[in-house]
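Trainee: Please put the model up, and then I will ask about confidence, helix packing and aromatic pairs.

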Amino acid sequence: MRRIKVDRLRTLRFSSNSRPRTTKNASNSRSPKQGKTLMSKFHAVVMSQEKSFDNEMVRSKNSFASYQLNHVTSRPLSKLRVSTPVKRTKFLQKFLLSKSPEATETNVKEYTLGKFIKQFKHELTDYELGEVFSYKFIYYWGVFEEKLARAEINKVFDDEKGNLILYKRDHIAFRYEIIRLLGQGSFGQVCECLDHKDNSKVAVKIIKNSKNLASQAQVEIKILKILNENDPNNEQSILHIKDSFIFRNHICIITELLGKNLYELQISKNFCSFPISLIKKFAIQILNAFKFLESLKIIHCDIKPENILLMPNERSKIKIADFGSSCLLSEKIFTYIQSRFYRAPEVLLGINYGCGIDMWSLGCVLVELANGKPLFPADCERELLQLIMEVKGFVPPDMLLQSIRKNKFFNQGEILPDKHGNIRKPLSVKFSEVVPGDYLFLDFVERCLEWEPWKRMTPEEALEHSWIKTHDTENILEKSLPSRLLRRKPFLIKKLV
Ligand SMILES: Nc1ncnc2c1ncn2[C@@H]1O[C@H](COP(=O)(O)OP(=O)(O)OP(=O)(O)O)[C@@H](O)[C@H]1O
């Protein structure tokens, strides 16, 4: 499948009534609770004749009804505490044992499921009563009046875009309780869930019900597994996957739960510039993650603030998420990738690409964090190339020669106007005008944003750059150096300092 990134109109970010996709959806999920519910929360271990949930892709049948997150009703917390999971589990276990004291594991399986259904079938919809047989273990199922009433009328699980319609307190695979929506993207939805098996919070990415997206999700799972196998101690700044399975025709990817993404962080700081010391801390972690990715020959392909997430309860620690567009260097499927603002010139021009495209995106992200606004906020590709040329000059001839997309941007060497009818003059804006901060930062970013990917810094080289190596107080010293030394030799400055 060719994944076409949905380009965001990031200019909208700054309009008064606009909110980013992720935030908008998150706020939807926080809609007021309505009405009374019969929500009950049990822990029960019920074994069916089917295969293990943990190791198997859970089978799903046709889609049926589910309910909007907005319309969820939930039991007040105080009432929830009355029937604690532990108490219910003990009760159920006691109940089952008393009915079958000498049961072997095999007949407990049958008996347990039968008894479970007999006991709780009024809390399941007809569809759930069918699908529950696909699960070896049942840990949680949301029960509330609305679910039972609406399931009969509205026998559809997906919305018109193929997203699973979610509602708070519902279950995913009889194990995960939906708490809130964290974000939404072109692939599907990500929600925070409580894993009732481990009693821990997780993030569940629910991929849209689409054949093409499902096959790309399989690549995402494969890459996450490769990354995690090579990072058994969870030391790299890379999202960790816990499980994956199919639920109601949707691939679900269970990962560790992370915090806000950097775009959400920008919003919470009113798009103020981040301190350069914080940007550096982020940059070091990202570069180390890139080094790790490069060692495994993996390209992320979608580095942007939305895909860099803070780690909960750990100051300034981040992780890279969303490997939905990623690929192995040897298995590049798509020629057209990356979100527009962060798209590297080689991708734009249709030239062979490699891990260098992530370095380009990193350069754009760092400037955005320092500026509080995107470096190349283009509405279309022509505008993007023109914005790049504005600060970097005309596309180098060797790249133009290799480009299979040059006719989209030029007509016999003449720049074609963008969708607003504008033509920007190459080299009409100084790099230092668009990149704030000291010379070292400027130089670092310039080296990430080299036209030619082979001239760009590798993550290893970047980690050795003076901006990374120098403590922020040392940067003050360089200001007193003669300006001729400050032009292009940051490594020389380092020696002098
Ligand atoms: N493990 C996680 N913990 C917390 N939030 C997460 C997690 N994974 C994703 N999110 C949130 O959900 C959003 C969307 O996730 P993700 O980028 O994986 O989806 P996507 O459909 O591939 O999006 P896109 O179309 O932008 O590529 C992220 O920007 C992030 O805010």
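Trainee: For residues 474-497, how many contacts beyond four places in sequence does the model have?

Mentor: This is a predicted model, in which local features need pLDDT of at least 70 and side-chain atom pairs count only at pLDDT 80 or more, while totals for chains, interfaces and linings use all residues. Residues are numbered from 1 along each chain as its sequence is written, and side-chain values use heavy atoms, with hydrogens and water left out. pLDDT, the predictor's confidence in each residue from 0 to 100, stays under 50 over residues 474-497. With contact meaning heavy atoms within 4.5 Å, the number for this stretch is 40.

Trainee: What is the mean pLDDT of the protein chain?

Mentor: Of the chain's residues, 69% reach 70 or more. The mean pLDDT is 76.

Trainee: How are α9 and α11 oriented to each other?

Mentor: Helices here are DSSP runs of H or I with at least four residues, strands are runs of E with at least two, and both are numbered from the N terminus. Axes are lines fitted to C-alpha atoms, for helices over the stretch in contact, and angles run from 0 to 180 degrees between N-to-C directions. Those of α9 (residues 276-295) and α11 (residues 356-371) come within 11 Å and cross at roughly 170 degrees. Angles over 145 degrees count as roughly antiparallel, so α9 and α11 are roughly antiparallel.

Trainee: How many residues of the contact of α9 with α11 are charged?

Mentor: Among the residues making the contact are Ile279 and Phe282 of α9, and Asp358 and Met359 of α11. Ala, Val, Leu, Ile, Met, Phe, Trp, Tyr, Cys and Pro count as nonpolar, Asp, Glu, Lys and Arg as charged, and the others, Gly among them, as polar. The division is eleven nonpolar, no polar and, as charged, one.

Trainee: Which residue forms an aromatic pair with Tyr127?

Mentor: Rings of Phe, Tyr and Trp (its six-membered ring) pair if their centres lie within 6.5 Å, and planes over 60 degrees apart count as edge-to-face. The pair of Tyr127 is edge-to-face, at 4.9 Å centre to centre and 65 degrees between the planes. Its partner is Phe157.

Methods: Parallel < 35°, antiparallel > 145°, perpendicular 65-115°, else oblique. Phe/Tyr/Trp six-rings, centres within 6.5 Å; stacked < 30°, edge-to-face > 60°.
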